[in-house]
Amino acid sequence: MRQLIILVAALTIILSGCTKDTTPQAAQPGEVTTPTTPVPAPSPAPTTTTPAPSTTTPPAAGTTTPPATTPPAATPAAPEVPRPDGAKEQPTATLSQLEKIEFGMTYDEAAKVMGQMGKLISESQDDGGVNKIQTYEYKTNEGTSIKVTFRNGKVSSKSG
């Protein structure tokens, strides 16, 4: 009988822990509550796998096997286009000059349309280093700014 009571008590404790209400309750007046922060589960350690030995059988005599496929080569990086340093001082340009800038123009073509290259204000590249992005800025007589952005040496956006 004693063992039965212990067993029932143990099951009650275990089951009450499994069905515990985890929603936050409002604090009663005078009660101090401590906020709980969920702890993220640890990320699994990286695993390495070793390929299993091949269990394929050679083809029967007189049959042909399809040629092995090779994985596609990595995407070639865009050719390196040297970027101009840009103007030391921010040059002045007009909105009519900006309208003449076309997507895909090179540094030289854009500089010719704008009168000179703008001031380099931003330069970045993606994680692989494939796409290099530079933004050049001009000022207008109205006090606003014009920006021309190049991706791999070609105009990719403009604003003003």
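Is Y107 buried or exposed, and at what relative accessibility? In this predicted model, local features need pLDDT of at least 70 and side-chain atom pairs count only at pLDDT 80 or more, while totals for chains, interfaces and linings use all residues. Residues are numbered from 1 along each chain as its sequence is written, and side-chain values use heavy atoms, with hydrogens and water left out.

Y107 has a relative accessibility of 5% and so counts as buried (under 20% relative accessible area, with exposed over 50% and partly exposed in between; 1.4 Å probe, protein chains only). F150 is buried as well, and Y136 is likewise buried, at 0% relative accessible area.

The structure holds three aromatic pairs (rings of Phe, Tyr and Trp, the latter by its six-membered ring, with centres within 6.5 Å; planes under 30 degrees apart count as stacked, over 60 as edge-to-face and the rest as tilted). One of them joins Y107 and Y136 edge-to-face, with 6.3 Å from centre to centre and 80° between the planes. Y107 belongs to helix α3 (residues 107-114) and Y136 to strand β2 (residues 132-139), so this pair ties together parts 29 residues apart in sequence. Helices (H or I, at least four residues) and strands (E, at least two) are DSSP runs numbered from the N terminus.

Y107 and F150 form a tilted pair, at 4.6 Å centre to centre and 40° between the planes. Here helix α3, with Y107, is linked to strand β3 (residues 145-151), with F150, across 43 residues.
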